[in-house]
Amino acid sequence: LMHGHHKRAMKLLKESLQTRREILGCFHLDIATTLFDMSFIHESRNHVVKALKCLEEALKIQNQRIPDSEKVALTREKIGSLLQVSGKLKKAKMSFDEALRIRCLIRGKDRETVAVLKTRLT
């Protein structure tokens, strides 16, 4: 996060997002990556709603371009974490469940990352 320079980092990411949308269109994976990065800055500034909005937009792109991928699972897990801290436990569980489904599909049921997600579901 540029050594704590959140405002500067966010400004650069917003500029990057705008430029990428103009050049690449709205459904390019680079757009999703930028939105994912923006969510971390929003989260670090306790702007959970903004972080979730970025992640949900990133997820739409990812689901369209690379469904059932590790990136989708990671985004789902991050959404679940933010929903969990927001007290939206039912929605968080749904997001974690989907991340778990994808990780099991990709890696099998006995892998460490699957185990970590299973502990978050309890």
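**Entry 1: α2 against α3**

I began with α2 and α3, which are roughly antiparallel to each other, a label used for angles over 145 degrees. The model is a predicted one, in which I took local features at pLDDT of at least 70 and side-chain atom pairs at pLDDT 80 or more, while totals for chains, interfaces and linings use all residues. Residues are numbered from 1 along each chain as its sequence is written, and side-chain values use heavy atoms, with hydrogens and water left out.

I read off about 160 degrees for the angle between α2 (residues 29-44) and α3, and 8 Å between their axes. Axes are lines fitted to C-alpha atoms, for helices over the stretch in contact, and angles run from 0 to 180 degrees between N-to-C directions. Helices are DSSP runs (H or I, at least four residues), numbered from the N terminus.

I then listed the contacts (heavy atoms within 4.5 Å). From α2, the residues that meet α3 include Leu29, Ala32, Phe36 and Glu43; on the α3 side they include Lys50, Leu55, Ile61 and Arg65. By class, I found 11 nonpolar, three polar and four charged residues in the contact of α2 with α3.

**Entry 2: cores**

Next I looked up the largest nonpolar core, which has 13 residues. Such a core joins buried Ala, Val, Leu, Ile, Met, Phe, Trp, Tyr and Cys residues through side-chain atoms within 4.5 Å; buried means under 20% relative accessible area, exposed over 50%, and partly exposed in between (1.4 Å probe, protein chains only). Leu52, Leu55, Ile79, Leu82 and Leu83 have the most contacts inside this core. At least two of its residues come from each of α3 (48-65), α4 (70-85) and α5 (89-107), and α4 gives the largest share, five residues.

Leaving out residues up to four places away in sequence, I noted that Leu52 touches Ile79, Leu82 and Leu83. I also found a second, separate core of 12 residues, with Leu17, Ala32, Ile41 and Ile61 among them.

**Entry 3: Lys78**

I checked Lys78, which is in helix α4. Lys78 counts as buried because its relative accessibility is 15%. Not counting residues up to four places away in sequence, Lys78 touches Phe36, Phe40, Glu43 and Leu55.

**Entry 4: positive phi**

I looked at Asn46, a non-glycine residue with a positive phi of about 60 degrees. Asn46 sits in the loop between α2 and α3 and is exposed, at 66% relative accessible area.

Asp68 is in the loop between α3 and α4 and is partly exposed, at 33%.

Terms used:
Angles under 35 degrees count as roughly parallel, over 145 as roughly antiparallel, 65 to 115 as roughly perpendicular and the rest as oblique. Ala, Val, Leu, Ile, Met, Phe, Trp, Tyr, Cys and Pro count as nonpolar, Asp, Glu, Lys and Arg as charged, and the others, Gly among them, as polar.
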